Amino acid sequence: MDAIQNLVRENIRNMAAYAVADVPASFVKLDAMELPYRFPEDLRRELAAELAEAQINRYPNPAACGLQPLLRATFDIPEAARIVLGNGSDELIQLLTMLLAKPGAKMLAPEPGFVMYRHNAALFGMEYVGVPLNPDFTLNLDAMLAAIETHRPALVFLACPNNPTGVPFSREDVQAVIDAAPGVVVVDEAYGAFSGGSFLPQAGGAEKLVVLRTLSKIGFAGLRLGYACCHSALAAELAKIVPPYNMNQLSLAAAKFALRHYGWVAEKIDILKHERARLAQELAALPGVRVFPSEANFLTARVPDAASVFDTLKANGILIKKLHGAHPLLEGCLRFTVGTPEQNRQVLAVLKTVF
Ligand SMILES: *Cc1c(COP(=O)(O)O)cnc(C)c1O
């Protein structure tokens, strides 16, 4: 047999695997935009009882499991939109890319942006066009429109609010991109719950619009539940490539439970939005620190020495994300997931010893 490396597709051979951080249990984990809260004991017991009833001997039937109507009611998803479930929105990003990766087709997204877009373009042989954001991380609309005109992308991704910057794009700018794009535009609202505006009310209208959401950032990253709200024409094509049993009974049951207790979730979102404002203010008060305006559950800040701030926090048992080095515009940048009030106090206490 040939060596495995020689059998593997060349574009994959040259990739690096996504490294999931291995974090000691004692650490304050503020690197991955997870909700820092779990359901209280009584709800966890109720959830356990419901999971015990799940028919794990049967294949799941996501279309009939009752989750879509709950999503529709909880998030006001228009009747016209179809809801396609994915094993995390990551899977939907992959499926959308796979669907549109005709030979010569291009994907376009602002940079710095969510790393999985570029990764999936490479995976499926789409040419990737990254369009730099403005230095304040707002969308460079002129550059976007020019790039759309030049490259005629089959697929555009706009994370709004954007990751890793937290900065939202103006509604007018996003709409201008949708209007100009010759292909599908995915408005990725992974952080939509922490933000003001949403394109969900428009989902199901234009054939080219996909609004992508997830339960991951609002308390349920472990369930792996993402959903794409889109026109039925696109949903019908996607249905041909979604693995028939991509969702599992336990996730589906747990997600339904979570949505029936959305009041608890909404309360936590409110706490985090409040904490976001407080943390932003305190970070900005540190000498030499610039905090970018965020509508997500994290804050991106530029500091004089990102590596040493990152290392000091880590030495104190706090893990954040070092963005410095990932893109020229992210020079000196760190990303702080907003934690509980106590966790944020710990972060600030350490930072006050550094600055
Ligand atoms: C976290 C994130 C996702 C992926 O979320 P999952 O549903 O957990 O796969 C998608 N898009 C953006 C912009 C994200 O930050």
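Which residues does the UniProt annotation "domain: Aminotransferase class I/classII large" cover? The annotation, which comes from an unreviewed UniProt entry, covers residues 29-350; its position is given in the numbering used here, its name is shortened, and such annotations may be inferred rather than shown by experiment. The model is predicted, with local features requiring pLDDT of at least 70 and side-chain atom pairs counted only at pLDDT 80 or more, while totals for chains, interfaces and linings use all residues. Residues are numbered from 1 along each chain as its sequence is written, and side-chain values use heavy atoms, leaving out hydrogens and water.

**Annotated span**
- Residues 29-350 are 39% helix and 18% strand, and the end C-alpha atoms of this span lie 15 Å apart. Helices (H or I, at least four residues) and strands (E, at least two) are DSSP runs numbered from the N terminus.

**Ligand site**
- The ligand is surrounded by 14 residues, the closest being Asp188, Tyr191, Thr214, Ser216 and Lys217 (a heavy atom within 4 Å).
- By class, this shell holds 5 nonpolar, 5 polar and 4 charged residues (Ala, Val, Leu, Ile, Met, Phe, Trp, Tyr, Cys and Pro count as nonpolar, Asp, Glu, Lys and Arg as charged, and the others, Gly among them, as polar).
- Ligand oxygen atoms lie 2.7 Å from a polar backbone atom of serine 89, 3.1 Å from a polar side-chain atom of lysine 217, and 2.7 Å from a side-chain N or O atom of arginine 224.
- Taken alone, the ligand exposes 390 Å², of which the protein buries 94% (Shrake-Rupley method, 1.4 Å probe).

**Backbone features in loops**
- Glutamate 111 and proline 112 are joined by a cis peptide bond with omega of about 0°; proline 112 is in the loop between strand E3 (106-111) and helix H6 (115-123).
- A cis peptide bond with omega of about -5° also links cysteine 160 to proline 161, and proline 161 lies in the loop between strand E5 (155-159) and helix H8 (171-180).
- Methionine 33, a residue other than glycine, has a positive phi near 60° and is located in the loop between strand E1 (28-29) and helix H3 (41-53).

Definitions and conventions. Polar contact = N/O pair within 3.5 Å; in protein donor to acceptor, adjacent residues only side chain to side chain.
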